[in-house]
Amino acid sequence: MTFKKTKLFCPALFIFLCLVWLAVLPAKVAAQLTEEEKNTIAVVKRTQNSVVYVTNIKLVVDFFSWTEEKIPRGTGSGFIWDDQGHIITNYHVIEDGDIFSVTLPDQDQRQAKLVGKEPAKDIAVLKIEGNLKGLYPVKIGSSASLQVGQKVIAIGNPFGFDHTVTAGIVSALGRSMPGVGGVTIRDMIQTDASINPGNSGGPLLNSAGELIGMNTMIISPSGASSGIGFAIPVDTIKKIVPQIIKYGRVIRPGLGLTYLPDNYARRLGIEGVIIYEVPAGSEAYKKGMRGLTRGRFGRILIQDIIKEVDGKKVASFDDLYNLLENYKIGDTVTLTLERNGQKRKVQLTLVQSD
């Protein structure tokens, strides 16, 4: 009798021990994770429903059949900005596109409309309509107090693999990289977190899960990640995105002038910004500022060249553009101008730039 009881009891005991082991296993696995790993996992879980996949489609008319075809032009990443369905991505992700498709974390595909863009900063805003349940805006942080060596986490869709996570550190700050129209994107964040094609437009997060930048570009001879990636700082994004949402474009301060492209100035060995035209009746015109003119024999003559803004050197249009970004419409600046080798100062009120 005792033998039979033991035989019946052993399988039951085995099953009981298995159930206990399975219940304890997750706790044991969790206990094996380092604090850094736990932090990364928590950040990813918190942000996974904030990152989307963006597809750029161009409409092309066939020359022979006159039918319209949809040609995929590129893909990238994006992130949810607010509870209104606005999505932030890079301008180069949507550049030259006509139709934009957004794949949500649950693989639902939505068509998005382009709200606006700022090519000079490589920022674009899309918007999706419909049910936004389950989508969460990314938590906005600050890039002003970032430090080299600080941990960062990048989430995106490299090579079409959705929700890929890479981690690293802030490798450097204050980098300048070429943008659109001869204007550099300044104060960029350099990171060694792997950034590959398709990561563009995805969020760069700190260990608190806050957005500190938007992954934008890499430097690599092969086109793949080489440990040198760059992100647009969130403080730049915070200045630009609200304007795009409100106006469809960035409202920036300017001098109300037009300028000769920098390549002409360089060819002539001139350092500064050559004024091309001063509108008649403008404040600048009334204060004696003049653009290009023609001499007696039809020769084009250079008149005013902008050399400084409030004492800060202006060597190119890039310098002028980035200096004026620090002001608001209605502010007054003091320009140092040069004409025929003679310098003078003129005060101007900044107006809305076209």
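How many helices and strands does the chain have? In this predicted model, the chain has seven helices and 23 strands. Of its 354 residues, 42% count as buried. Among contacts between residues at least 6 apart in sequence, 59% join residues at least 24 apart. The accessible surface of the chain comes to about 19,200 Å², and carbon and sulfur atoms account for 56% of this area.

The largest nonpolar core holds 24 residues. Within this core, I88, I123 and I237 touch the most other members. Two or more residues each are given to the core by strand 6 (123–128), strand 8 (151–156), strand 10 (184–191), strand 12 (210–218), strand 13 (229–233) and helix 4 (234–247). The most comes from helix 4, which gives five residues. Leaving aside residues up to four places away in sequence, I237 touches W81, I88, I123, G213, M214, I232 and P242. Another core, of 20 residues, lies apart from the largest one; L255, V273, L320 and V333 are among its members.

Helix 4 also contains I245. With a relative accessible area of 27%, I245 is partly exposed, because this value falls between the 20% limit for buried residues and the 50% limit for exposed ones. When residues up to four places away in sequence are not counted, I245 touches W81, D82, H86, V115 and V125. One of these residues, H86, is 159 residues from I245 along the chain, yet the C-alpha atoms of I245 and H86 are separated by 8.2 Å. W81 is touched by I245 and is also touched by I237.

The largest pocket contains about 480 Å³ of space. It is lined by 21 residues, of which R252, F317, Y321, S353 and D354 are the closest to its centre. At least two residues of this lining are supplied by each of strand 5 (109–118), strand 14 (253–254), strand 15 (258–259) and helix 7 (317–324). Helix 7 gives the most, with four residues. By class, the lining of the largest pocket divides into ten nonpolar, five polar and six charged residues.

The second largest pocket has a volume of about 310 Å³. Of the 15 residues that line it, R186, D187, P233, T236 and K239 lie nearest its centre. Strand 9 (164–178), strand 10 and helix 4 are the elements that give two or more residues to this lining. The largest share, four residues, comes from strand 10. The lining of the second largest pocket has four nonpolar, five polar and six charged residues.

Helix 7, which contributes to the lining of the largest pocket, is mostly covered, with seven of its eight residues buried. These buried residues are D318, D319, L320, Y321, N322, L323 and L324. Of these, L320 is a member of the core of 20 residues, while Y321 is one of the residues closest to the centre of the largest pocket.

Definitions and conventions
Residues numbered from 1 in each chain as written. Predicted model: local features only at pLDDT ≥ 70, side-chain atom pairs only at ≥ 80, totals over all residues. Heavy atoms only, no water. Core = buried A, V, L, I, M, F, W, Y, C linked by side-chain atoms within 4.5 Å. Buried < 20%, exposed > 50% of the residue type's maximum accessible area, 1.4 Å probe, protein only. Contact = heavy atoms within 4.5 Å. Areas by Shrake-Rupley, 256 points an atom, 1.4 Å probe, with all protein chains shown as cover. 1 Å grid on protein atoms, 1.4 Å probe; cavity = no way out; pocket = protein on both sides within 12 Å on 5 of 7 lines; lining within 4 Å. Points joined across faces, edges and corners; volume = space filled by probe spheres on them. Nonpolar A, V, L, I, M, F, W, Y, C, P; charged D, E, K, R; others polar.
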